[in-house]
Amino acid sequence: MLKQNLLNRAKCKILAFGLVFCFGVFLLAACDKSDHLGLHLEGMQGTALWHVSITHSPAKISEAELQAGLSKTFADTNQLLATWDDTSEIAHFNHYQGTGWFSISPKLAKLLDLTLKISQQSGGVYDVTVGPLIKLWGFSSHDAEKDVVPAKAEIDLALAKVGYQKLQVRFDPPAVRKSQADLQVELASVADGFAADQAGLYLESLGIHEYMVEIAGEVRTRGLSPRGDPWHIAIEKPVEEGRIVQKGLHLQDAGLATSGDYRDYFMQGGKRYSHTFNPVTGAPVTHNLASVSVVSEEATLADAYATLFMALGEEKGKAFAEAHAINAYFIWRTDDGFETANTVGFQRLFTED
């Protein structure tokens, strides 16, 4: 599984590229500014652009202090999850060559526990230990792109280093351990959603409870927008050229994540190889699903499930979403263009076309 994540430079995010175009961030914020409503902040974390809209400007903290606090929150997330940064917490664990318990922060323990639960729930289709496959196929960074299909022997060697079952986490005291010394964890599948949630929790710690956070296409909303209605968000049409709105949503007290396969792939022999992996075969999946959006209470959870559904494909993904009451919207390719499907819960979020 892979998902391209701008939070960590050009690194890979397990399963799919984050493909939400948030017009709530760009269009509504501009309208609100003209009406002198709310507060709107933005910045960069690495190469990821983030946006925060706050419905009511806080009286006890300045805009400059908020900007600094949000920037630090996003930087702290990188320091926790960035595998490309040797000083990050997850990098320290990945470099650890032992199999005993390795002390980690409570925050990282909670996140690892969530990913392991989804791995178990999905029967291993979602797996945060697929880093060796990502690297082998050339999706770990732009510098590593090979645009070639690895030999089976190479795939088998990489697969031997993959397996969520080789990972354990505990809370008291918080620690993680691997049963195989060269096992590595790649949390890019949840990094953007987690960053959005962490920024939201920072705002709530200041008494701010009506806001929207967006980073690299993953969104967390609470309360109402400055206009007094739910936040307006757009899902992007999965086309390779340009940016076109596929569907508009009303979002309130929820997180949104979208994953897709149309930005990061290569062609060989007339066949498309995307960065969506099957952890069983060690090769990219071969279904027609182009994009999937998930809405959940937390952006982190939405991010993980969007990643999972991209691995499952349109049919299995829809069945899983319905069986587990997960709000999801699927877009897949056909010979005649795109087709879509959504769960009943997601249908209620659509704006009028």
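View 1. With a relative accessible area of 3%, tyrosine 329 falls under the 20% cut-off, so it counts as buried. Everything shown here comes from a predicted model. Across from this ring, phenylalanine 346 is buried too. The ring centres of tyrosine 329 and phenylalanine 346 sit 5.7 Å apart with their planes at 15°, so this pair is stacked. Because tyrosine 329 belongs to strand 18 (residues 327-334) and phenylalanine 346 to helix 10 (residues 344-347), the pair ties together parts that are 17 residues apart in sequence.

**View 2. Tyrosine 329 again, this time with phenylalanine 350.** Here the centres of the tyrosine 329 and phenylalanine 350 rings are 5.4 Å apart and the planes make an angle of 75°, so the pair is edge-to-face. It's a link between distant parts of the chain, 21 residues apart: tyrosine 329 is in strand 18, while phenylalanine 350 is in the segment after helix 10. Phenylalanine 350 is buried as well, at a relative accessible area of 15%.

**View 3. A cluster of rings.** Tyr305, Phe309, Phe320 and Phe330 are joined into a cluster by ring pairs. Across the whole structure there are 10 aromatic pairs.

**View 4. Strand 18 and the strands it pairs with.** Strand 17 (residues 289-296) pairs with strand 18 through six bridges, in the antiparallel sense. To find your way along that pairing, look for valine 295, which stands opposite asparagine 327 of strand 18. Strand 18 also runs antiparallel to strand 19 (residues 337-342), again with six bridges joining them.

**View 5. Valine 294 and the largest nonpolar core.** This core has 43 residues, and the members touching the most others are Leu112, Leu167, Leu187, Val294 and Phe309. Helix 8 (residues 299-312) supplies the largest share, eight residues. Zoom in on valine 294 and, leaving aside neighbours within four places in sequence, you'll find contacts that include Gly255, Leu256 and Ala257. Also among the contacts of valine 294 are Ala302, Tyr305, Ala306 and Phe309, along with Ile326 and Phe346. Another core, of 21 residues, lies apart from this one, with Ala48, Ile61, Leu70 and Ala196 among its members.

View 6. Five bridges hold the antiparallel pairing of strand 6 with strand 7 (residues 174-178). Within that pairing, arginine 170 has alanine 175 in strand 7 as its bridge partner.

View 7. Average pLDDT for the protein is 86, and 84% of the residues score at least 70. Residues 4-36 are another story, with pLDDT below 50. That stretch still has 147 contacts in the model beyond near neighbours in sequence.

Technical notes: Residues numbered from 1 in each chain as written. Predicted model: local features only at pLDDT ≥ 70, side-chain atom pairs only at ≥ 80, totals over all residues. Heavy atoms only, no water. Core = buried A, V, L, I, M, F, W, Y, C linked by side-chain atoms within 4.5 Å. Buried < 20%, exposed > 50% of the residue type's maximum accessible area, 1.4 Å probe, protein only. Helix = DSSP H or I, 4+ residues; strand = E, 2+ residues; numbered from the N terminus. Contact = heavy atoms within 4.5 Å. Pairing = 2+ DSSP bridges. pLDDT = per-residue confidence, 0-100. Phe/Tyr/Trp six-rings, centres within 6.5 Å; stacked < 30°, edge-to-face > 60°.
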